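Student: Hi! Could you walk me through this model?
Tutor: Happy to. Have a look first, then ask away.

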Amino acid sequence: ETSRYYDELSTALRAGRLDLGIQPPSTLLALRNPYDPSARNRIPGLRLAVNKVWDLSFYRGKFYAYWGPVPGLIVAFVQLFYGGAIADQFLVFAFLSGVLIFSILLLLRVRRTFYQDVPLSLVLLGIAVMALAYPIPWMLSHAAIYEASIAAGQFFLIGGLYFAYRALEKEKPSAAYLFTGSVFWTLAIGSRLVMVFPVACLAGAALLWALGKDLRLNGARNAGLYIGALGLPLLAGALGLALYDWLRFGSVLETGVRYMLTSENLQRYYSQTFQAAYVWPNLRLYLTSPIRLLRTYPFIMPVKNPASPLPTDPGIYHVEQIVGLIYAVPFALFSAVAAYPGIHWAFKAFAKGANALSGMFTSLIDWLSLALIGSTLLSFAALLMYFYVAIRFLADIVPSLLLLSVLGMWQGYRSLKDRSLGRTSYTGAAFVLGFASIAISLLLTMAQSYQQFQSHNPDLMRQILLLFRR
């Protein structure tokens, strides 16, 4: 077990309260500034007490969870039928499994329509990489409240994309599927607020496709239906989150981050949580942080990254151990293959001028590629401006990036349809990149969780070490 924050939120919600019902220590209540770590650490025993409520928001003597409330609502519903505790690692496993299921369903529908000539081996390779590429196994081995929030956001984001695709693949776009997709996207934002950026991209792209097709077929008679199907769930979700924050903190824009009890005084540094100054060092870290080679198992290890130099005082800027995507997921290079036709399609469509809306939508696979490009880049842009660099944040972009990469792998294979030798060589290269991504991911996960595996599964570790010693 790692943490139970969503279980505690579920208990609170079922009791009709928004705070977690945790009694704060009297010494914490007596502090003039409880958000100052140095002040807390000077009081004997308070540091240990705060560790039990680490990263919770402390406001007017009550503890709140600043993470999105949707997983807590789901746990509350499940506990109507199941009386036991549901710790956060179970949510991580369930949501990541759901991400994989929706990704598979989407890929199979795309293959049936556009890539029937792609061999089953490349389909299975794509699914294996989706399941096991970094940082997914790492998320499972470090499954706590942070990972639960991220996994929930990705589950609802990819699920919403699947239902939107189902809506748009029909001759007449389905308002019911669009509504379902919008509900999923609303729950994604309610699980992790930063999902508002990729959701805005995907919802906007889905609306443009539906309106364009309706304009061409029906003279835009169903425009209001499609706008309502996509917009009403998002509007209801925005109002619900605003009310949730207002009832807790007296402001519709306050999520509780500034009131966190953590290693930094976020009351003092709150203006530094998102800054353009972080973009360049974060870009370098998330893309090119290297791997250190070892002579013995697990053979690779992240290079410990000091906080990157910033043009100003680093303040709260912090970097955990991380490996860049270029080294950790070489399979993602295929995303460039899918990105090129999607971007070319967009430029060509917008070049049509005033008649673009009715004539730009001719290929759903190009729409899907462009939607994935936009959602991935917007999610990545949010990470680049954030003060904290961590492995888990890669999971905000990897599911969409890998979907795009699988599409790129299939597009590259189809482009070689008249070249037998080229297809064979291309398939071999795809398997090399795919297996390399999986192997690197599993080894990095083991390297960064070595003591955990040694403690909880010593027999497995002993067998692995004996195997590689031979």
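Student: Leaving out residues up to four places away in sequence, which residues does tryptophan 246 touch?
Tutor: In this predicted model, tryptophan 246 touches Ser251 and Val252.

Student: Where does tryptophan 246 lie?
Tutor: Tryptophan 246 lies in helix α12, which covers residues 223–249.

Student: Is tryptophan 246 buried, partly exposed or exposed?
Tutor: Tryptophan 246 has a relative accessible area of 48%, so it counts as partly exposed; exposed would need over 50%.

Student: New topic: which residues touch the most other members of the largest nonpolar core?
Tutor: Those are Trp367, Leu407, Met409 and Trp410, in a core of 137 residues. Helix α9 (residues 145–168) gives the largest share of this core, 17 residues.

Student: And what does tryptophan 410 touch, again not counting residues up to four places away?
Tutor: Tryptophan 410 touches Leu107, Arg111, Tyr115, Val118, Leu122 and Val123.

Student: Now the helices: at what angle do α19 and α20 pack?
Tutor: Helix α19 (residues 398–415) and helix α20 (residues 420–448) pack at about 165°, and their axes are 9 Å apart. Angles over 145 degrees count as roughly antiparallel, so that is how α19 runs relative to α20.

Student: Is the crossing left-handed or right-handed?
Tutor: Right-handed, as α19 passes α20.

Student: Which residues make the contact?
Tutor: From α19 there are Gly408, Met409, Gly412, Tyr413 and Arg414, and from α20 there are Arg423, Tyr426, Thr427 and Ala430. By class, this contact has four nonpolar, three polar and two charged residues.

Technical notes:
Residues numbered from 1 in each chain as written. Predicted model: local features only at pLDDT ≥ 70, side-chain atom pairs only at ≥ 80, totals over all residues. Heavy atoms only, no water. Axes fitted to C-alpha atoms, helices over the stretch in contact; angles between N-to-C directions. Helix = DSSP H or I, 4+ residues; strand = E, 2+ residues; numbered from the N terminus. Parallel < 35°, antiparallel > 145°, perpendicular 65-115°, else oblique. Left-handed = near helix turned anticlockwise from the far one by under 90°. Contact = heavy atoms within 4.5 Å. Nonpolar A, V, L, I, M, F, W, Y, C, P; charged D, E, K, R; others polar. Core = buried A, V, L, I, M, F, W, Y, C linked by side-chain atoms within 4.5 Å. Buried < 20%, exposed > 50% of the residue type's maximum accessible area, 1.4 Å probe, protein only.
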